[in-house]
Amino acid sequence: MQPLSVLGPDAATLVDALAARLEGRTAVVDHAAVDAGEQSSIATTASLAADGTWTATGTDADFTDMLDRLAPDHDYLLATGFSRLRVPTVLIGDDRDPTDVPGDVVATPDAVADVDLDALIGTVEDAEPWVTLETLVERATAHPDAEFSGAIATFTGRVRAKEEPGDDRTTHLAFEKYEGVAAERMAAIATDLEDRDGVFRVLMHHRTGVIEDGEDIVFVVVLAGHREEAFRAVEDGIDRLKDTVPIFKKETTEAEQFWVHRQE
Amino acid sequence: MEWKLFADLSEIAGGRTVTVDAEPGDTVGDALDALLAEHPDLRDRIMEGDELADHINVLVNGSNVAHEGGLATELDDGDELALFPPVSGG
């Protein structure tokens, strides 16, 4: 699912214009809407009561829940009034400083008339998709050989706040990827594991950008005939990803910031 | 030719890409020398004496040159060069 947040007085107008242009299942999430559960012509309208507050930093838990819940069966999510880490965000007629917005600010038009919708849709398409473990499991079970599968093994890597009780907390990690080459290597690992007897589908996804303490980083999902080959493939999948895929991690704790490879 | 740099290497060089004076027909080693001439501060980070440090990866078009012709590999027009420390995903 490709998400986009829009903030500012004209946010709803821009979201409507985008929703009319996007092809695919689109969820519209409106922070200000109060008619909970209201359905519209588009696939899903998730509504939340406005609480009048909007925090400039960190994670909005409700928004994250909606992203996670809607990701497996939507192609797009358009949100007004919300922004969070790793979600591309448009500030429309909104003079907030882009650096005060938690999402990645991709455009700052004054009004809807100033927006190049084609360019903005291109930006939405090119952004990192919002992928959850559930997204990958649903994709795996859609495999034509799923009727021969009696096992799904999954691995989720997440941000560990501490190794020991006395440690400074790790507040977040920032991941950077060698675009293109990282995807090629992950695809090669998956294809190699799928060549094993009884392994039908291997899917992996590694998030990039800033990921906070407790959030998920990486998923590996294996659809297999039996548990033995599922467990083996999921372990080898994450091990090979960590050894060979060009992704780089910078860690920030309460006390310091460092590239992880430099500490090893 | 253009180098793509990752992690602390791009921080040291002050950018994710560096264009260097190397042509098709030159070697990867020539392009590396040109990079070090442009950014001498990278030398301490990536070299051990006159040799590229073992833990530093050099890729041409996504393939590690250590598994192929090494720094003697000849460059072709349009090659993509990348330099990075040990990977640390997950």
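Predicted model: local features only at pLDDT ≥ 70, side-chain atom pairs only at ≥ 80, totals over all residues.
View 1. Along the principal axes, the C-alpha atoms of chain B fill a box of roughly 30 × 25 × 25 Å. Buried residues account for 51% of the 90 residues in this chain. As for secondary structure, chain B has three helices and seven strands. Reading from the N terminus, the elements go β-α-β-α-α-β-β-β-β-β.

**View 2. A patch of negative charge sits on the surface of chain B.** Four residues gather here: E48(B), D50(B), E51(B) and D54(B). Zoom in on E51(B) and you are in strand 4 of chain B, which covers residues 51-52. E51(B) has a relative accessible area of 57%, so it counts as exposed, the cut-off being over 50%.

View 3. E11(B), with a relative accessible area of 44%, is partly exposed.

**View 4. E215(A) and R84(A) pair up in a salt bridge.** Their closest N and O atoms are 2.8 Å apart. Why does this pair tie together parts that are 131 residues apart in sequence? Because E215(A) lies in the loop between strand 10 and strand 11 (216-224) of chain A, while R84(A) lies in the loop between strand 4 (76-80) and strand 5 (88-91) of chain A. Both E215(A) and R84(A) are buried. R86(A) joins in too: R84(A), R86(A) and E215(A) are linked in a network of salt bridges. For context, a search of the whole structure turns up 13 salt bridges over all chains.

**View 5. D213(A) and R169(A) bridge two loops of chain A.** Here the side chains meet in a salt bridge, 3.1 Å from N to O. D213(A) is in the loop between strand 10 and strand 11 of chain A, and R169(A) is in the loop between strand 7 (151-158) and strand 8 (170-177). That makes the pair a link between distant parts of the chain, 44 residues apart. D213(A) is partly exposed at 30% relative accessibility, and R169(A) is partly exposed as well, with a relative accessible area of 33%.

**View 6. E212(A) and A161(A) are 9.0 Å apart in space.** That distance runs C-alpha to C-alpha, and in sequence the two residues are 51 residues apart. E212(A) is part of strand 10 of chain A, which spans residues 209-212. Its relative accessible area is 24%, so E212(A) falls in the partly exposed class, between the 20% and 50% cut-offs.

Methods: Residues numbered from 1 in each chain as written. Chains lettered and ligands numbered in written order. Heavy atoms only, no water. Helix = DSSP H or I, 4+ residues; strand = E, 2+ residues; numbered from the N terminus. Buried < 20%, exposed > 50% of the residue type's maximum accessible area, 1.4 Å probe, protein only. Patch = residues over 30% accessible without salt bridge, like charges linked within 9 Å, V, L, I, M, F, W, Y side chains within 5 Å. Areas by Shrake-Rupley, 256 points an atom, 1.4 Å probe, with all protein chains shown as cover. Lys, Arg positive; Asp, Glu negative; His and termini not counted. Charge placed at Lys NZ, Arg CZ, Asp CG, Glu CD.
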